[in-house]
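Subject: Structure handover

Hi,

Here is the structure I promised to pass on to you. Please have a look at it first, and then read on for what turned up.

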There are 2 protein chains.
Amino acid sequence: MTSEQCDLILSGKYLLPDNKQENVLLDAAVAVTGDTIMAIGSKDDILARHTARTRIHTDHGLIMPGLINTHTHAPMAAFRGLADDLPLMTWLEKHIFPVETRWTPEMIYQSSLLSLAEMIKSGTTSFCDMYLFSKEVARATEKSGMRAWIGEVLYDFPSPCYGELENGFAYMEELFQHYADHPLISITTDPHAVYTCSPELLSRLGQTAADHNSLYIIHLAENQAEIDTCRERFSCSPVEHLDKLGLLGEKTLAAHCVMVTDAEIELLAERKVKVSHCQESNMKLASGTAPVVKMLNAGVLVSIGTDGAASNNDVDMFGEMNTVAKVHKAARMDPTAMTAEQTLSAATLGGAEALLADKTCGTLAVGKKADLIVLDMNQPHLTPLYNIPSHLVYAARGADVLHSVVNGQLLMENRTLLTLDEAEILDTMRSIAQTISRYGKD
Amino acid sequence: MTSEQCDLILSGKYLLPDNKQENVLLDAAVAVTGDTIMAIGSKDDILARHTARTRIHTDHGLIMPGLINTHTHAPMAAFRGLADDLPLMTWLEKHIFPVETRWTPEMIYQSSLLSLAEMIKSGTTSFCDMYLFSKEVARATEKSGMRAWIGEVLYDFPSPCYGELENGFAYMEELFQHYADHPLISITTDPHAVYTCSPELLSRLGQTAADHNSLYIIHLAENQAEIDTCRERFSCSPVEHLDKLGLLGEKTLAAHCVMVTDAEIELLAERKVKVSHCQESNMKLASGTAPVVKMLNAGVLVSIGTDGAASNNDVDMFGEMNTVAKVHKAARMDPTAMTAEQTLSAATLGGAEALLADKTCGTLAVGKKADLIVLDMNQPHLTPLYNIPSHLVYAARGADVLHSVVNGQLLMENRTLLTLDEAEILDTMRSIAQTISRYGKD
């Protein structure tokens, strides 16, 4: 038997190809050529059939799909812990907006690098980001090697990034053109919300999304204030408002959906709208608890997002899974609600489906892109090990991730980042934080 | 100036003596002699005045009080992830009880070591444990060097540990005698709950606690089923039941208190009962959300517990703080509820107060016992750093803890356990888990 040459073989004690304990392989390996998974199987088999330029074996390692974070504002990592435990408008008006008006592209770039470093170190391999100066977010993402969906947020008022609204469309156009054929970065269309975008802007961006075949990403029904404002202006709820405009569809990814009625859940399901559930942020800002179990029962695709680090205050998807699985049990007073396997699915394949990328990533399978992570299961808090999805949701945390691979490229090995200079990023951020602190005092 | 000899000097970039950002010291150190903190101050000052046998400097280190976990069942670490997402009675009757009846003292000892290793590695320095075979829990704790309050749980039916109830009192007596003068271990009196202990047993244990001047620790008002059972049997709520028996007092530590009315909260405050709030376990078992903000407003002392790893599924107090601070914001729809500083206090000084040990530990102060931890703040998820309590509650996790000191003894340095053999503990637990898995299939 001749041995097939590949680029990378990762092996470990366990391999979880998806979200199901019954599919766990023991003493397993995955072989990668270029950006693609070529083989998955027993370690002995894979090593007998393949030779690889790079081989990484982890004794107590668990190989699994990388986590997919479907709602982030990466540069807001710069605001982590800047102000907490405040009423929403005080937080925004006194602390966040005064700094956001003085962002420079370089600050955005550096803050994005920080968030990317944190994401890779906590097991995320793909994310969907909506923020200002998104060219800089994309530039940082290119450097990191992560897979991302990135959009420039548009709203009715001038932006710190592009100025007058009309320039925003030009800015988006440049992004679409620049990343038209990028293997890792997809550009999205991102109206901020129904209370910050006129119906005309929402519709025009709907056309932009259609023209570019892009996702249409919006904050939707995040809190009661949004509902009240929308009802006052348009005599309907935010979900109804978007539906009247014909903007609920299978390429719509709605972040939050905390305040949705049963009828609206049915509508979201019917329109095949995807939801990004951001539980920790919704709790920290006291927005409420999205009816996720109802959504899942109605057939709505629910994925998981951390939201920005300013309202979380981290982007650790393991921590987010822990919260999601537990909160909905208490909310429903039902310990069987939101199982570990359901939650893990929302953070992996669910994320891929939300981004219409389930043929690309979200599970480990031959022919899919190699987006995977390896965890060190040889730790007190992960011992004993009866059920892997249970541990991933209820006990694991970002720091358990040893290696990360995106699109076949090794981004982290033994917790050392390979595409980013962690020490330099942290030093730069400490200096940027001093500037931000001064802004806050002006 | 002559230099004073001490045993240990820890220094770092930050020192947080309590829960308040305004009290943070920069470039600070703490000097320890024997079991006691001798000096706290600027690093330069401390080093000028003291020489030490052992010096540990951490460039980006944060020195802070060790966390205090006021409700654990340490040996249940052996059941971590054994069965999740099940109705309570299915979980107990099909998965937990069948194994508990076959516990051996050695299994308890080894499982306790696992939990101790996890606690030290995630920043806990003191804990309060209620379980079976508590002599073995105490023996493991002695080996670890942790500070602990440990009790043997008693209830009306025979125990896998001591058999008939009467033997339980003899077992407790031996514990009280053996640990009468122990510097780190205090024995507590632990009736299981009002639905598993007759009024006579509850009262007799009240007398035991009084005789030994011990804490009286009980699960109280954990869920609706407990309320219903108590009302059916005694025509009153669990809190009222204990009060009628004269068992609510300043040495009573009540775990859970999920289902308590406003009037009962007033009563708990008046009686100076201490509460151990176990939010993650309460969510995972779908018990509900304790009205913690109301309790704090009423003047009830609220501390934090993880409960056992079978219903959490970890004992990471950093994760627990994150959940506690966020859940109560959403529960109250108020982003200013349960601030980072309040939450951090509940996990440190609040724990010490719950255990009537606030003169011993809970803050860093000259003359107190040296129970402290050092975190590595030079990490993406802890950068930038505007406010330390915010990071500790909303972004830090157990894996950020580098060093741990209890009673002046170093228990962990650079994440290596010094009193416990981590590799051996993990290997032993994997073997015990195989036995437990077999029991589950019988």
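At what angle do helix 12 of chain B and helix 13 of chain B pack, and how far apart are their axes? Before the answer, please keep in mind that this is a predicted model. The angle between helix 12 (residues 317–332) and helix 13 (residues 340–347) of chain B is about 140°, and their axes lie 10 Å apart. Angles over 145 degrees would count as roughly antiparallel, so helix 12 of chain B and helix 13 of chain B are oblique to each other. Their crossing in chain B is right-handed.

Which residues make that contact? On the helix 12 side of chain B they are Met317(B), Met321(B), Val324(B) and Ala325(B), and these meet Thr343(B), Leu344(B) and Ala347(B) of helix 13. Sorted by class, this contact between helix 12 and helix 13 of chain B has 6 nonpolar residues, 1 polar residue and no charged ones.

Now to the sheet in chain B. In general, strands of a sheet pair through backbone hydrogen bonds, either parallel or antiparallel. The one I looked at in chain B is an open sheet of 8 strands with mixed pairing, in the order 3-2-1-4-13-14-15-16. Strand 3 (36–42) and strand 16 (416–417) of chain B stand at its edges; each has a single partner strand, so one side of each has no neighbour in the sheet. Further in, strand 13 (residues 372–376) and strand 14 (residues 401–406) of chain B run antiparallel and are joined by 4 bridges. There, Leu375(B) has Val401(B) in strand 14 of chain B as its bridge partner.

How do the two chains relate? Chain B superposes on chain A by a rotation of 180° with 0.0 Å of shift along the axis, at an RMSD of 0.0 Å. That is why the relation is the one of a two-fold axis. In chain B, Ala399(B) has the C-alpha nearest the axis, at 3.3 Å from it. Both copies use the same surface, as 100% of the contact residues of chain B recur in chain A.

The helix pair can be found in chain A too: helix 12 (residues 317–332) and helix 13 (residues 340–347) of chain A pack at about 140°, with axes 10 Å apart. The crossing of this pair in chain A is right-handed. Among the residues that meet there are Met317(A) from helix 12 and Leu344(A) from helix 13 of chain A.

Best wishes

Notes. Residues are numbered from 1 along each chain as its sequence is written. Chains are lettered from A and ligands numbered from 1 in the order in which they are written. This is a predicted model: local features need pLDDT of at least 70, side-chain atom pairs count only at pLDDT 80 or more; totals for chains, interfaces and linings use all residues. Side-chain values use heavy atoms; hydrogens and water are left out. Axes are lines fitted to C-alpha atoms, for helices over the stretch in contact, and angles run from 0 to 180 degrees between N-to-C directions. Helices (H or I, at least four residues) and strands (E, at least two) are DSSP runs, numbered from the N terminus. Angles under 35 degrees count as roughly parallel, over 145 as roughly antiparallel, 65 to 115 as roughly perpendicular and the rest as oblique. A crossing is left-handed if the near helix is turned anticlockwise from the far one by less than a right angle, and right-handed if clockwise. Contact means heavy atoms within 4.5 Å. Ala, Val, Leu, Ile, Met, Phe, Trp, Tyr, Cys and Pro count as nonpolar, Asp, Glu, Lys and Arg as charged, and the others, Gly among them, as polar. Copies are superposed by least squares on the C-alpha atoms of residues with pLDDT of at least 70 in both. Two strands pair if DSSP finds at least two bridges between them.
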